Amino acid sequence: MSRTATETVDTITASPSVKRASLIGARIPKLDAPDKATGLTRYLDDIKLPRMLYGKILFAHRPHAHILSIDTSAAVTMKGVRAVITADDIDLVPFGFGRDNTALKKDKITCVRDELAAVAADTPEIAAEAIKRIRVSYEDLPVVGTVEQAIAAGAPVIHEKTPDNQPFHFDYEHGDIDLGIRASDVIVEDTYNLQRQTHCCMGTAGIIAQFDAQGILTLHSLTQVPSLYKHDLSRIINVPPQDIRVIQPPIGGAFGSKLDIHPFEPICVFLARATSRPVKLTFTREEEFMATPTRQPMMIHLRSGAQKDGTFTFRDVRMTLDNGGRTSWGATTPWISMRTFSSLYRVPHVRQHVDVIYTNNIYACAFRGYGNPQATFALESQIDVLAEKLGMDPLTLRLKNAQQPGETTGQGMVLRTCGLADCLKTATKHAGWDVKRSPPGKQKTGRVRGLGMASMFHVGGGAKIHRSDGCGTMLRIDDFGVATVQTGSSEIGQGSETVIAQIVAEELGLDIGKVRVLNSNSDYKPWDVGVHASRTTFIAGNSALRAAREARGKILDAAADHLNLDSVDLDLYGGQVIKRSTGEPLVTIDKIIRGMHFGRKNDMIMTTDFYEPPSEIPDEHSKGDISACYAFGTHVAEVEVDLETGVVKVLGISAAHDVGRVINQLGIEGQLEGGIAQGIGYALTEEVKVENGRVLNLTFTDYKIPTSCEVPELKMVFLETNDPAGPFGAKGMAEAPLVPVAPAIANAVYNATGVRINELPLTPERVLRRIQESRDSESE
């Protein structure tokens, strides 16, 4: 059960003469909900094109080896097999952030998911059988299963161009660490280990590729970044980007997993080219677990200090990332994690060094929060340790260092609006912090309860990591008063098309049923950098709002001419042109538009807008105002721990988030509920187990995600700080709800047991082992 509230902080309100019901903040069901609920939605797996074939990939299933030979003869001669390809049949164009990946592998295997060959056949069953008949000869090489093994003297070299197995390093610094250390009365340090978490999309990875007679390539793709996708894929498959059309079917989950180009996508294109027929390639659940990237695992060593009064003095961070055998976006997550260390609370001196290490493990990509959940777990765990050393309440310590609106962080991020202090006060109030919390580890037997808190800081208005972080909109209104919005943004289940429809309907005074949103075909959708960085409501919403605002002005001018009134005296509401001062309906909007179309001027309502946020690309020192606004939030978790079994049960979470302004109350509640559930999984149960490069848990039988039974009562409060740059004051917050969940739970476990655990997930075995170790040390 969830309870929600919306509280306004420093509200900026419009002031029409007559108060009217608004769509902004209303509980609007998702526009695609009826089709999904009734089974009418056609996902990728439901699409079947004429003469379509089915693709299948042969994976290496061994972590490190030389490829001596690949014999496809038994597969090629099978009835129903239309093509078999290996690396010898395609151009091997390097891609990925490290340019260390190719669609198919030729000489060397660096992880179990490396793709060696692919088949296109009449049925999925024939394709699967053909894969089994391909014979590969290998020369196995020593497996590098840990970062310690990878950097040891004489370690096997995984990629020849990187003989030390360290492809990337990241450094950031502001202030003077030595000065911060000297200014500290208390210093604490520890190491935190964060695991691999997989996205658990209900729809597995897949694609359909088809060339037409003119050579135009149509891709039914689940990508989150269609504009960038066309550009990046064109280089790999040697098709001009203007000859690629991307159609995005409804997506069964993304969470960042579909930001990159993955090898199965160009492989499917090569199969379609080889057969001159459409080819569908989809993963089984086992392939999804093994052959799609995970959340980036990290080892974080954090040292931090404070003065006697609680003022934070410095943070010194060393991070080690297990990059796996190839490189996707996971290697770049330090760009975001460094912003939490530098800018969550006020801290004058920060240094971060990151080593990214090749191993023979599976690799990582973007995942909701993009490095922030890992950083926040380490930081917020250590802040509680600092509070205990200082003899301060964890809330008091955080409030003392919380930023206020108008501050600029040490990394150059400008906090034009900032609800951090209000989030801290509100979440703890709703959780009963002052009443329920007792000293850590007070009870030694049975089941014990505890409270823990954690806050978060994240981009709320996109993140300028590309030269443009903008989004385009094309809007037209037909003779019947129906607005069609062609937006560059993509709907990936997050409800963006509903929010855009609300924004446009509100500005044009239309019922939301009179707004259509088109967003799934690259032939007609404008440019957009993609769905990531909690940017869509803010950036696509601003673009849609500005296009609607221009259309509104045209309608009001035409109405003023028709009514012989001044446009400033008119407004739009309920499909009508109304008198602003009284709300009196004067003429319908569709009548005005028909008058424009068929009247003397023969005009129509069509507008376009491209919104580029006022953010900055960080400089060579990683400093700059990377986002147009920033999101804050605080979670307080209440847990119960069984001291005899180590089982942790989350009893409740109180969450307060600075969201700028709520656009869709129902949608934002869903984002918070889903993010918290995903965060509970990250905290307690979820881990992709990898041993000597091999994935051990390939099904939901062995990979545990929370069910409705594990999601507790949620108390959710949305604080409206009304960001002046956001559409109607809104900020993005899609990633924020997940970020502080794990540290809040870990801090609550410490409060209940007196045992600090710096490694996730908090499985019963891990918790019980630490409890026993603590008991043993006390008895010595």
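# Exercises on salt bridges and backbone angles

Arg 549 and Glu 507 form a salt bridge, with the closest N and O atoms 3.3 Å apart; a salt bridge here is a side-chain nitrogen of Lys or Arg within 4 Å of a carboxyl oxygen of Asp or Glu. The model is predicted: local features need pLDDT of at least 70 and side-chain atom pairs count only at pLDDT 80 or more, while totals for chains, interfaces and linings use all residues. Residues are numbered from 1 along each chain as its sequence is written, and side-chain values use heavy atoms, with hydrogens and water left out.

**Exercise 1.** Locate Arg 549 and Glu 507 in the chain and state whether each is buried or exposed, or in between.

*Solution.*
- Step 1: Arg 549 is in helix α15 (residues 536-563) and Glu 507 in helix α14 (residues 496-508), 42 residues apart. Helices (H or I, at least four residues) and strands (E, at least two) are DSSP runs, numbered from the N terminus.
- Step 2: Buried means under 20% relative accessible area, exposed over 50%, and partly exposed in between (1.4 Å probe, protein chains only).
- Step 3: Arg 549 has 44% relative accessibility and therefore counts as partly exposed. Glu 507, at 10%, counts as buried.
- Step 4: Both residues belong to a network of salt bridges that also links Arg 552, Asp 571 and Arg 580.

**Exercise 2.** Find which parts of the chain are tied together by Arg 546 and Asp 609.

*Solution.*
- Step 1: The closest N and O atoms of this salt bridge are 3.1 Å apart.
- Step 2: Arg 546 lies in helix α15 and Asp 609 in strand β24 (residues 605-611), so the pair ties together parts 63 residues apart in sequence.
- Step 3: Arg 546 is partly exposed at 37%, whereas Asp 609 is buried at 15%.

**Exercise 3.** Describe the salt bridge between Glu 407 and Arg 346.

*Solution.*
- Step 1: Their side chains meet at 2.8 Å, N to O.
- Step 2: Glu 407 lies in the loop between α11 (394-401) and α12 (420-431), and Arg 346 in the loop between α9 (334-343) and β16 (349-358), so the pair ties together parts 61 residues apart in sequence.
- Step 3: Glu 407 is partly exposed at 22%, and Arg 346 is partly exposed at 34%.
- Step 4: By the salt-bridge rule the count comes to 38.

**Exercise 4.** State the phi of His 61 and where this residue lies.

*Solution.*
- Step 1: Phi of His 61 is near 60 degrees, a positive value in a residue other than glycine.
- Step 2: His 61 is in the loop between β2 (53-59) and β3 (65-71).
- Step 3: At 46% relative accessibility, His 61 counts as partly exposed.
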